[in-house]
Amino acid sequence: ALEYLAVGDSQRQANARATAAVAYRTAAALDPANARAREALEGLCEERKREEQFAEASRLMERGDRRGAIAMFARLRASAPAPAASLLEGICRYELREDAEAALRLAEARADPQLASAAELFGGLLALREGNAAAAARSFDAVGADSGLRAAAADLAGLSRREGRLTVLAAIESGYDSNADLTSSMLPQQ
């Protein structure tokens, strides 16, 4: 049973959840008193449930149901840290002009290196909307060079240095492709 637990752990870490589930089930069958195998299986089920909720919230966002998406992202965040949910909730709130809440969610997302560039970009857009060109330029400058958002951020940084408060609708679409890099590996593992 211990060998199957080790295989399950390594496969779960490699994001091969189907194989991990088989290994954990086998460990539990070989040793029915093994609480660790049962807990690992329950954890896999919880991860899948969270992924499905995240996917549904993303679909709501893409369909324009910002309120519905916000509610689902908030539930995900309430149960465990979820930087990807924080980012998308922050974008929804930005689009609804709920700037204070958007700023909080974007700050949470900034803590994740994979999401920091997108969070900085939208943080810069918030700063522009507030008329704080210097803060906007700093946020745009912080967008990572390896990010697909870097070109737009560089353009916006230049505009914010020249124009101060401006409307950036012509420079960047406020939407964010929620399918681009937000994979299940970004959701917290239980």
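Me: How much of the contact between residues at least 6 apart in sequence joins residues at least 24 apart?
Reply: In this predicted model, 51% of those contacts in the protein chain join residues at least 24 apart.

Me: Thanks! And what is the chain built from, how many helices and how many strands?
Reply: There are nine helices and zero strands. Following the sequence, the pattern reads α-α-α-α-α-α-α-α-α.

Me: What share of the residues is buried?
Reply: Of the 190 residues in the protein chain, 47% are buried. The accessible surface is about 9700 Å², and carbon and sulfur atoms account for 51% of that.

Me: Let's pick a helix. Is α7 mostly covered or mostly open?
Reply: Mostly covered: 14 of its 14 residues are buried. Helix α7 runs over residues 116-129 and spans 20 Å from its first C-alpha to its last, close to the 20 Å expected.

Me: What comes just after α7?
Reply: Gly131 is found there, with a positive phi of about 85°.

Me: New topic: which elements have the lowest and highest mean pLDDT?
Reply: Helix α9 (residues 150-163) has the lowest at 81, while helix α5 (residues 83-95) has the highest at 97.

Me: Where does the pLDDT fall below 50?
Reply: One such stretch is residues 164-175, with 25 contacts in the model beyond near neighbours in sequence. Another is residues 178-190, with 34 contacts of that kind.

Definitions and conventions
Residues numbered from 1 in each chain as written. Predicted model: local features only at pLDDT ≥ 70, side-chain atom pairs only at ≥ 80, totals over all residues. Heavy atoms only, no water. Helix = DSSP H or I, 4+ residues; strand = E, 2+ residues; numbered from the N terminus. Buried < 20%, exposed > 50% of the residue type's maximum accessible area, 1.4 Å probe, protein only. Contact = heavy atoms within 4.5 Å. Areas by Shrake-Rupley, 256 points an atom, 1.4 Å probe, with all protein chains shown as cover. Expected span 1.5 Å × (residues − 1). pLDDT = per-residue confidence, 0-100.
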